[in-house]
Amino acid sequence: MEILKPQPTSKAPGDWFTGDVWWDVIYAGQEPSRMRANMVRFAPCARTDWHSHSLGQTLHIVSGTALVQARGGEIVELHPGETVYTPAGEEHWHGAAPDRFMSHLALWEGPGDGSTETTWGDKVTDEEYNGPRANRR
């Protein structure tokens, strides 16, 4: 067993995010582990850029209201306790609603072969961010 020392909170890079986003790296596994886990906190309106993961990604909403969208789909609103999985290679974005902070636990795997685990794309425009939301209720 190994007790891991917490790393300092760091600001997410503006090259990959719009708005104020902070994260805590919970776990970044070393071979043979491929596990990655971050607690990510978004200010209102903050969001990722379009991106995809080589082995998929799971988000578990901890607080606030999350918005998530797969390329070509509607924006889905998620609340604390809800979990969403994005399969490998599916381009998507996620962030906070306009009027709430949001925190989620991000879980994904790195491929372990030196290739890129996350492929970053274009910024999510304000028009895309404010697009129609799916009616789930």
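1. Let me start with the overall dimensions. For 137 residues, a compact globule would have a radius of gyration near 14 Å, and the chain agrees with this because its own value is 15 Å. That radius is taken over C-alpha atoms, and the globule rule is 2.2 Å times the number of residues to the power 0.38. The C-alpha trace spans about 45 × 30 × 25 Å along its principal axes.

2. A word on the model before going further. It is a predicted model, in which local features need pLDDT of at least 70 and side-chain atom pairs count only at pLDDT 80 or more, while totals for chains, interfaces and linings use all residues. Residues are numbered from 1 along each chain as its sequence is written, and side-chain values use heavy atoms, with hydrogens and water left out.

3. The order along the sequence is β-β-β-β-β-β-β-β-β-β-β-β-β-α. Helices (H or I, at least four residues) and strands (E, at least two) are DSSP runs, numbered from the N terminus.

4. Next, contacts and surface. Of the contacts with a separation of 6 or more, 67% are between residues 24 or more positions apart; contact means heavy atoms within 4.5 Å. Among the 137 residues, 38% count as buried (under 20% relative accessible area, with exposed over 50% and partly exposed in between; 1.4 Å probe, protein chains only). The chain exposes about 7,700 Å², with carbon and sulfur atoms supplying 54% of it. These areas come from the Shrake-Rupley method with a 1.4 Å probe, and for residues only the protein chains shown count as cover.

5. Now to the aromatic residues. The structure holds five aromatic pairs. One of them joins phenylalanine 17 and tryptophan 23, edge-to-face at 5.8 Å centre to centre with 70 degrees between the planes. Phenylalanine 17 is buried at 7% relative accessibility, and tryptophan 23 is buried at 16%. Phenylalanine 17 also pairs with phenylalanine 42 in a tilted arrangement, 6.3 Å centre to centre and 55 degrees between the planes. Phenylalanine 17 lies in strand β2 (residues 17–18) and phenylalanine 42 in strand β4 (residues 35–42), so this pair ties together parts that are 25 residues apart in sequence. Phenylalanine 42 is buried at 2% relative accessibility. Trp16, Phe17, Trp23, Phe42 and Trp120 form one aromatic cluster. Rings of Phe, Tyr and Trp (its six-membered ring) pair if their centres lie within 6.5 Å; planes under 30 degrees apart count as stacked, over 60 as edge-to-face and the rest as tilted.

6. Phenylalanine 101 sits in the loop between β11 (92–96) and β12 (102–109). Phenylalanine 101 is exposed, with a relative accessible area of 62%. Leaving aside residues up to four places away in sequence, phenylalanine 101 touches Phe42, Ala43, Pro44, Ser63, Gly64, Thr65 and Ala96. Its C-alpha atom is separated by 8.3 Å from that of cysteine 45, 56 residues apart along the chain.

7. Finally, threonine 86 in strand β10 (residues 83–86). Threonine 86 is buried, with a relative accessible area of 8%.
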